[in-house]
Amino acid sequence: MSTEWTRYPKMAESSQGWQSVPNSEWVATEKVHGANFSIVADASGCVRFYKRSGPVANSEDFFGFRSQGLELRLSQCALRLFAARGGMNSVAIFGELCGGRFPHPSVRAVPSLQPVQCGVWYSPGLTFVVFDIATAGPGAAERRFLDFDLACAVAESAGFLFVQTVARGTLQECFDAPVRFDSRLSARLGLPSLPTPNWAEGVVIRAVHEAQPGGSKKGGSRALFKRKIEEFGETQYKENGWCGNKVGGTAGAALPLADSSELVRYEMQASITRQRLASVTSKLGHVDAHNKAQCRELLDAFHEDIY
């Protein structure tokens, strides 16, 4: 990873390959349903903001974070965190921008604000929740992600909100933890319970201690994957091997070219879901249906995500 900003690595949806890796402690945290958002602070005192697809332009009010006053507050937190780390060239703070609606009769809505994502309700205003921090020291070729406990401590000391732990222990204990549960974020923000279930999107399971870049753990890659409830799945089919069932094929059998093309078509159709569209939209920001350029950008991004 370059010391310049790069997008947060896409998380796997399976623990495959990690069961045999010796790691004494794992943690499961609530997966927040919002828009991937990150902040980079460096030694010059500059703070920059990024969405999943790239830099947030100075003129861009990504989901309203500038107009809602988050820009100044998050900048101050980022500079405090950078100062606390000492001797670093830069620090990258990765998190989720969420909220924008909380449908409770006693909670007043924020005028003109739209929800970042629908389906899980966190707060009437915008909220930023940190889930990872990476630093780059002098001469470093790569950023280094902080261990979970350290990332939590420095984020909260700087004034950020950090993702909440729902289970901790061995990999199996974290994997066995319930994936379906009421989101806990709104309660942390002091809001009342909703009258109907407010299911969390799922969990993220990760090793408490990070592998060193180029280390022995799976070639230095990160022990990190997500588990989501069915409502937030981004494909239409959950059964492994559904492709073979769809075309009447035999598992492992070689397919003619025509059948292979048919499988590609089914794979693409399976990926065309409302949840995937919402996920792609969250990377770009709100899209004006009357703005042809924005609609084309969304269509191209959706096509790329499916393909």
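**Notebook: cysteines, helix 1 and phenylalanine pairs**

I began with cysteine 98, which counts as buried because its relative accessibility is 0%. The model I am reading is a predicted one. Next I looked up cysteine 46. At 31% relative accessibility, cysteine 46 counts as partly exposed. I then searched for disulfides and found zero in the structure.

**Entry: the whole chain**

I listed the secondary structure of the protein chain: eight helices and 11 strands. The chain has 307 residues, and 46% of them are buried.

**Entry: helix 1**

I turned to helix 1, residues 70–85. Its 16 residues reach 22 Å from the first C-alpha to the last, close to the 22 Å expected at 1.5 Å a residue. Which residues of helix 1 are buried? I found Leu70, Leu74, Ser75, Cys77, Ala78, Leu81 and Phe82. They lie on the same side of helix 1, because their arc around the axis is only 165°. The face turned away from that buried side carries exposed Leu72, Ala83 and Ala84.

I then asked what covers the buried residues of helix 1. The cover includes four strands that I wrote down: strand 2 (35–42), strand 3 (47–51), strand 5 (90–101) and strand 6 (123–136). Helix 2 (148–157) is also included in the cover. After helix 1 comes glycine 86, with a positive phi near 60°.

**Entry: aromatic pairs**

I found 12 aromatic pairs in the structure. Phenylalanine 37 and phenylalanine 62 form one that is stacked. Their ring centres are 5.8 Å apart, with 10° between the planes. Where do the two residues sit? Phenylalanine 37 is in strand 2, and phenylalanine 62 is in the loop between strand 4 (54–55) and helix 1. The pair therefore ties together parts 25 residues apart in sequence. I checked burial for both. Phenylalanine 37 is buried at 0% relative accessible area, and phenylalanine 62 counts as buried at 1% relative accessibility.

I took phenylalanine 94 and phenylalanine 145 next. Their ring centres are 5.9 Å apart and their planes are at 35°, so this pair is tilted. Phenylalanine 94 lies in strand 5 and phenylalanine 145 in strand 7 (residues 144–145), so the pair ties together parts 51 residues apart in sequence. Phenylalanine 94 is buried, with a relative accessible area of 1%. Phenylalanine 145 is buried too, with a relative accessible area of 9%.

**Entry: the cluster and phenylalanine 49**

I also noted one aromatic cluster formed by Phe37, Phe49, Phe62, Phe63, Phe65, Phe128 and Phe160. I followed phenylalanine 49, which lies in strand 3. Is phenylalanine 49 buried or exposed? Its relative accessible area is 5%, so phenylalanine 49 is buried.

What does phenylalanine 49 touch, leaving out residues up to four places away in sequence? I listed Phe37, Ser38, Ile39, Pro55, Val56, Phe65, Glu71, Leu74 and Ser75. Among these, Leu74 and Ser75 are buried residues of helix 1. Phe37 and Phe65 are in the cluster with phenylalanine 49. Phenylalanine 49 and glutamate 71 are 22 residues apart in sequence, and their C-alpha atoms are 8.7 Å apart in space.

Notes: Residues are numbered from 1 along each chain as its sequence is written. This is a predicted model: local features need pLDDT of at least 70, side-chain atom pairs count only at pLDDT 80 or more; totals for chains, interfaces and linings use all residues. Side-chain values use heavy atoms; hydrogens and water are left out. The expected span of a helix is 1.5 Å times one less than its number of residues. Buried means under 20% relative accessible area, exposed over 50%, partly exposed in between (1.4 Å probe, protein chains only). The arc is that of the directions from the helix axis to the C-beta atoms. Contact means heavy atoms within 4.5 Å. A disulfide is a pair of cysteine sulfur atoms within 2.5 Å. Rings of Phe, Tyr and Trp (its six-membered ring) pair if their centres lie within 6.5 Å; planes under 30 degrees apart count as stacked, over 60 as edge-to-face and the rest as tilted.
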